[in-house]
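Biologist: Could we go through this model together? I would like to start with the strands and then turn to the helices.

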Amino acid sequence: MNRKELIDALSAKTGSSKADADRNIAALIEIITSTLKKGDNVALVGFGTFEVRKRAARTGRNPATGAELKIKASKAPAFKAGATLKAAVNGGKK
């Protein structure tokens, strides 16, 4: 499902206009992004948690030359699925 299909589905599910659904999705993405930028988590009980994970600095290799290179420490956004979502995907109920 892409963004347009998500907007269509949200609009149909809520009975709102497609413009309202688009604004709501954009606002949700903006809120999650700004919260993660601050280093906080977004926990939606039953659905899952959006969080920032820290990656340590490490040594890697250039695949073309085989030369070693240093990879800087970084932060990466991550999503951890909740129990209810896992159960729904696996066909069970929780």
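Modeller: Gladly! This is a predicted model, where local features need pLDDT of at least 70, side-chain atom pairs count only at pLDDT 80 or more, and totals for chains, interfaces and linings use all residues. Residues are numbered from 1 along each chain as its sequence is written, and side-chain values use heavy atoms, leaving out hydrogens and water.

Biologist: Which residue in β5 does E51 stand opposite?

Modeller: E51 lies in strand β2, residues 48-55; strands here are DSSP runs of E with at least two residues, numbered from the N terminus. Eight bridges join β2 to the antiparallel strand β5, residues 74-81, and pairing takes at least two DSSP bridges between two strands. The residue opposite E51 in β5 is A78.

Biologist: Is E51 buried or exposed?

Modeller: Buried means under 20% relative accessible area, exposed over 50%, and partly exposed in between, with a 1.4 Å probe and protein chains only. The relative accessibility of E51 is 12%, so E51 counts as buried.

Biologist: Nice. What is the bridge partner of L44 in β2?

Modeller: Strand β1, residues 42-44, pairs with β2 in the antiparallel sense over three bridges. The two strands form a hairpin with three residues between them, and G46 in the turn has a positive phi of about 90 degrees. In β2, L44 has as its bridge partner G48.

Biologist: And at roughly what angle do the axes of α1 and α2 cross?

Modeller: Axes are lines fitted to C-alpha atoms, for helices over the stretch in contact (heavy atoms within 4.5 Å), with angles from 0 to 180 degrees between N-to-C directions. Helices are DSSP runs of H or I with at least four residues. The axes of α1, residues 3-14, and α2, residues 18-37, come within 8 Å and cross at roughly 115 degrees.
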